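Hi,

Here's the structure I promised to pass on. Have a look at it first, and then read on for what turned up in it.

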Amino acid sequence: MKIAGLQKTTLLDYPGKVAATVFLSGCNLKCPYCHNSELINSKKNIVKERELFSYLKKRQGVLDGVCITGGEPTLQKGIIGFIATIKEMGYLVKLDTNGFDPHTLSILLDHKLLDYCAIDIIILHACWFGKISNYIGSIVFMDIDVYIYYRNNQKRKRTNKNSYRQNNN
């Protein structure tokens, strides 16, 4: 796991919970409004997995959960096992994702490894497409927001990025 950062305690990233936030590097998009753009191409591994798990072990009973964000966490090889280990420690897990990997999300949901999933619905304005996408070939879009809501009754978060377009045309 390429852990690019660790916020040891947050009251904001996991609504209603005291949590730690783990920032994973890498992303498949280049959104011009991204607040974590330094993580997009980062190869840095600032925090070692064993250090993170050691910290989480010490904080059991103090922290309620762990928020996993990025970049795009579902791009990481081993993300399912990583999240399973955190769940085995007794933590609630929140995943922040762009939803472009429905296969990984399905596995995480099928195995009940997520307690909260926040999906940024990326609205690709035609003029942004070349700037945003790193994909070669076509991208299949599915309404992941509705899928997760009906599948596991997860909470949904919508972020309207139209304000960026209106202010930057």
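By salt bridge I mean a side-chain nitrogen of Lys or Arg within 4 Å of a carboxyl oxygen of Asp or Glu. Asp115 sits in the loop between α3 and β5 (116–119), while Lys87 belongs to helix α2 (residues 79–88), so the pair ties together parts that are 28 residues apart in sequence. Lys87 is partly exposed too, since its relative accessible area is 22%.

Before going further, some ground rules. This is a predicted model, so local features need pLDDT of at least 70 and side-chain atom pairs count only at pLDDT 80 or more, while totals for chains, interfaces and linings use all residues. Residues are numbered from 1 along each chain as its sequence is written, and side-chain values use heavy atoms, with hydrogens and water left out.

Now the overall picture. The protein chain has 6 helices and 5 strands, and along the sequence they run β-β-α-β-α-β-α-β-α-α-α. Helices (H or I, at least four residues) and strands (E, at least two) are DSSP runs, numbered from the N terminus. Of the 169 residues in the chain, 43% are buried. If you take contacts (heavy atoms within 4.5 Å) between residues at least 6 apart in sequence, 67% join residues at least 24 apart.

What about the other salt bridge? The structure holds 2 of them, and here the side chains of Lys94 and Asp96 meet at 2.7 Å, N to O. Lys94 counts as buried because its relative accessibility is 6%, and Asp96 is buried as well, with a relative accessible area of 17%.

You'll find Asp96 in strand β4 (residues 92–97). Its side chain also makes a polar contact with the side chain of Thr69, at 3.4 Å. A polar contact here is a pair of N or O atoms within 3.5 Å; within protein, one must be able to donate a hydrogen and the other to accept it, and residues adjacent in sequence count only if both atoms are side-chain atoms. Setting aside neighbours within four places in sequence, Asp96 is in contact with Cys67, Ile68, Thr69, Pro73 and Ala118.

On to the inside. The largest nonpolar core has 29 residues, and Ile3, Leu56, Ile68, Phe82, Ile83, Ile86 and Leu114 have the most contacts inside it. A nonpolar core is a set of buried Ala, Val, Leu, Ile, Met, Phe, Trp, Tyr and Cys residues joined through side-chain atoms within 4.5 Å. Two or more residues each come from β2 (19–24), α1 (49–58), β3 (65–69), α2, β4, α3 and β5, and α2 gives the largest share, 5 residues. Not counting residues up to four places away in sequence, Ile86 touches Phe53, Leu56, Val66, Ile68, Tyr91 and Val93. There is also a second, separate core of 6 residues, including Cys27, Leu29, Cys31 and Tyr33.

Finally, helix α3 (residues 102–110): its buried residues are Thr104, Leu105, Ser106, Leu108 and Leu109. After α3 comes Lys112, which has a positive phi, near 55°.

Cheers

Key
Buried means under 20% relative accessible area, exposed over 50%, partly exposed in between (1.4 Å probe, protein chains only).
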